[in-house]
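Q: I have a model open and want to learn to read it. Can we start with a pair of side chains?

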Amino acid sequence: IDTQILAPIEAKMDEQESQIKDNRAQLDRHRELISSKSDELAESNSRIDTQILAPIEAKMDEQESQIKDNRAQLDRHRELISSKSDELAESNSRIDTQILA
């Protein structure tokens with residue numbers, strides 16, 4: 001019974017146990033590789049951020065600031081035009097009443 005039935009079963013279990021060990025070792029190697037690639041990817045992403053995205057963002061911030069300054073200047077011009085328009089209307093009114101009337 002031992003040599004004909006149990007020994008082959010035990011040999012099969014030993015074989016499966018060995019295969020499981022090999023699979024676990026391979027799994028560990030994959031985990032290490034993934035971790036390594038993950039670190040490389042993080043470094044690459046960091047370089048992309050600092051070398052490409054950050055300068056673009058800085059330029060956008062600069063443009064946004066310039067637009068804000070331009071809007072303020074535009075508002076000042078509108079106020080000046082409105083003021084000059086009022087002065088011109090008063091002047092025209094005086095000319096009309098004092099000279100033309």
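A: Start with E40 and K37, whose side chains meet in a salt bridge (3.7 Å, N to O). The term means a side-chain nitrogen of Lys or Arg within 4 Å of a carboxyl oxygen of Asp or Glu. This is a predicted model: local features need pLDDT of at least 70, side-chain atom pairs count only at pLDDT 80 or more, and totals for chains, interfaces and linings use all residues. Residues are numbered from 1 along each chain as its sequence is written, and side-chain values use heavy atoms, with hydrogens and water left out.

Q: Where do E40 and K37 sit in the fold?
A: Side chains of opposite charge can pair when their charged atoms come close. Here, E40 and K37 both belong to helix α1, three residues apart, about one turn of the helix. Helices are DSSP runs (H or I, at least four residues), as are strands (E, at least two), numbered from the N terminus.

Q: Is E40 buried, exposed or partly exposed?
A: Read relative accessible area: buried is under 20%, exposed over 50%, partly exposed in between (1.4 Å probe, protein chains only). E40 has 41% relative accessibility, so E40 counts as partly exposed. K37, with 47%, is partly exposed too.

Q: How many salt bridges does the structure hold?
A: Six. Among them is R31 with D28, at 3.8 Å, N to O. R31 is exposed at 53%, while D28 is partly exposed at 40%. Another joins K84 and E87 at 3.7 Å, N to O.

Q: What about charges outside such pairs?
A: Look for patches: residues with over 30% relative accessible area and no salt bridge, with like charges joined within 9 Å and nonpolar side chains (Val, Leu, Ile, Met, Phe, Trp, Tyr) within 5 Å. Lys and Arg count as positive, Asp and Glu as negative; His and the chain ends are not counted. A charge is placed at NZ of Lys, CZ of Arg, CG of Asp or CD of Glu. On this surface, D2, E10, D14 and E17 form a negative patch. E10 lies in helix α1 (residues 2-100) and is partly exposed at 49%.

Q: Why is the chain called more spread out than a compact globule?
A: Count elements first: one helix, zero strands. The radius of gyration is 41 Å, well over the 13 Å that the globule rule gives for 101 residues, so the chain is more spread out than a compact globule. The radius is taken over C-alpha atoms; the rule is 2.2 Å times the number of residues to the power 0.38. Those atoms fill a box of roughly 135 × 25 × 10 Å along the principal axes.

Conventions:
Areas by Shrake-Rupley, 256 points an atom, 1.4 Å probe, with all protein chains shown as cover.
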